[in-house]
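Student: I have a model open and would like to learn how to read it. Can we go through it feature by feature?

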Amino acid sequence: MAGLAEISEAVIRGDDEQVDRLTKQAIADEISAKNILDDGLIAGMGTVGERFKAHEIFLPDVLMAAKAMYAGMDNLRPLLIKEGVPSLGKIVIGTVQGDLHDIGKNLVAIMLKGAGFDVIDLGNDVAPESFVETAKEHGASIIGMSALLTTTMPVMKSVVECVEKEGLAGKVRTIVGGAPVSKDFAAQIGADAYGFDAANAVDRVKCLISEN
Ligand code: B1M
């Protein structure tokens with residue numbers, strides 16, 4: 001039986017092979033994907049963040065932890081995404097310009113797909129105009145933005161302004177999230193919603209779609 005603490009430890013060590021093996025074992029042991037994600041992978045990455053902040057570990061360690069986290073997420077992805085579900089709506093998602101953090105954004109995208117949304121993922125370092133142009137091109141009714149750096153949070157405001165400038169306010173709704181982002185910040189920049197984690201983001205997007 002693979003323990004979730006062991007998975008966390010392997011993420012912290014940046015041991016992608018162990019994370020791969022242990023998450024596969026946890027799935028075989030019928031531990032739920034949500035538990036493996038929250039109490040194994042995300043818990044480990046939380047510790048990595050604290051140690052990085054305290055200068056106990058350095059950027060290469062964080063990169064290795066991210067690689068290990070992805071090894072686990074790859075195994076969980078099929079369990080989180082149900083195939084053949086009719087689309088609940090189209091959403092464009094990305095990490096804002098200047099920001100390369102994409103683990104949280106990818107989790108949100110996986111959960112949205114799992115819930116039945118059609119997700120267009122623009123990746124990271126996405127310019128405000130790209131979000132809006134893509135939404136127009138594909139007829140998406142939601143734009144989802146992620147930011148992990150306090151210095152890139154203002155880009156979210158630029159996206160909201162770009163939506164307004166294009167006359168799409170009310171037609172294309174915006175949702176923001178990421179570790180430094182808050183409900184107050186979302187309200188301050190005029191975003192339509194804030195999601196504190198991936199599951200909450202799905203609930204908030206469902207609300208936005210039902211309001212449209
Ligand atoms: Co960076 N980094 N990093 N980093 N990194 C943070 C964010 C930091 C808090 C670390 C620290 O100091 N404690 C700090 C930011 C400080 C600040 O801005 N105040 C920081 C820094 C400083 C940096 C660099 C500047 C370091 C440097 O170069 N000196 C640099 C910046 C590069 C850039 O982006 N331009 C940098 C680089 C990196 C790596 C590339 C090494 C790597 C990213 C790899 C990758 O993403 N592919 C990395 C990592 C891994 C982290 C930490 C350790 C972990 C982030 C993560 O993946 N968490 C992070 C510390 C931390 O956050 N504790 C840190 C796990 C993930 C599941 O959580 O992304 O929060 P999160 O997503 C959650 C929710 O926030 C929410 O749902 C997700 C699931 O629950 N959510 C949404 C996210 N997006 C959402 C969107 C929504 C709704 C909810 O709606 C659309």
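Student: Which residue takes a positive phi just after helix 3?

Tutor: First, the ground rules. This is a predicted model, where local features need pLDDT of at least 70, side-chain atom pairs count only at pLDDT 80 or more, and totals for chains, interfaces and linings use all residues. Residues are numbered from 1 along each chain as its sequence is written, and side-chain values use heavy atoms, with hydrogens and water left out. Helices (H or I, at least four residues) and strands (E, at least two) are DSSP runs, numbered from the N terminus. Now the general idea: most residues other than glycine have a negative phi. Here, just after helix 3, H55 has a positive phi of about 60°. H55 sits in the loop between helix 3 and helix 4.

Student: Is H55 buried or exposed?

Tutor: Buried means under 20% relative accessible area, exposed over 50%, and partly exposed in between (1.4 Å probe, protein chains only). H55 is exposed, because its relative accessible area is 62%.

Student: What is phi of D125, and where is D125 found?

Tutor: Phi of D125 is near 55°, again positive in a residue other than glycine. D125 belongs to the loop between strand 2 (118-121) and helix 6 (128-138). With 39% relative accessibility, D125 counts as partly exposed.

Student: How many residues does helix 3 have, and what span is expected?

Tutor: The expected span is 1.5 Å times one less than the number of residues. Helix 3 has 21 residues and reaches 28 Å from its first C-alpha to its last, close to the expected 30 Å.

Student: Where is the kink in helix 3 centred?

Tutor: The bend at a residue is the angle between axes fitted to the seven residues ending there and the seven starting there. In helix 3 the kink is about 35° and is centred on I42.

Student: Which residues of helix 3 are buried, and what do they pack against?

Tutor: An α-helix has 3.6 residues a turn, so residues three or four places apart point the same way. In helix 3 the buried residues are A33, I36, L37, G40, L41, G44, M45 and V48. They pack against helix 1, helix 2, helix 4 and helix 5. Contact here means heavy atoms within 4.5 Å.

Student: What do the span and the bend look like for helix 4?

Tutor: The 22 residues of helix 4 (residues 59-80) should span 32 Å at 1.5 Å a residue, and the end C-alpha atoms are 29 Å apart, which agrees. Helix 4 bends by about 35° at D74, and a proline, P78, follows within four residues. The buried residues of helix 4 include A65, M69, G72, N75 and L76. The packing partners of its buried residues are helix 1 (4-13), helix 2 (16-28), helix 3 (33-53) and helix 5 (103-115).

Student: What joins the side chains of T23 and N75?

Tutor: A polar contact is a pair of N or O atoms within 3.5 Å; within protein, one must be able to donate a hydrogen and the other to accept it, and residues adjacent in sequence count only if both atoms are side-chain atoms. The T23 and N75 side chains make one of 2.9 Å. T23 is in helix 2 and counts as buried, because its relative accessibility is 0%. Beyond four places in sequence, T23 is in contact with I7, I36, L41, G72 and N75. T23 and L76 are 53 residues apart in sequence, yet 7.9 Å apart from C-alpha to C-alpha.

Student: Which protein atom is the donor to the cobalt atom of the ligand?

Tutor: Donors are N, O and S atoms within 2.8 Å of the metal (3.2 Å for Na, K and Ca); water is not among the atoms, so sites may look incomplete. The cobalt atom has a single donor from the protein, H101 (NE2), 2.2 Å away. H101 lies in the loop between strand 1 (90-95) and helix 5.

Student: How many residues surround the ligand?

Tutor: A residue counts if one of its heavy atoms lies within 4 Å. By that rule 33 residues surround the ligand, and the closest are L100, H101, D102, S146 and T150. A polar side-chain atom of D102 is 2.7 Å from a ligand nitrogen atom. A backbone N or O atom of A179 is 3.2 Å from a ligand oxygen atom.

Student: Is S146 buried or exposed?

Tutor: S146, in strand 3 (residues 142-146), counts as buried because its relative accessibility is 8%.
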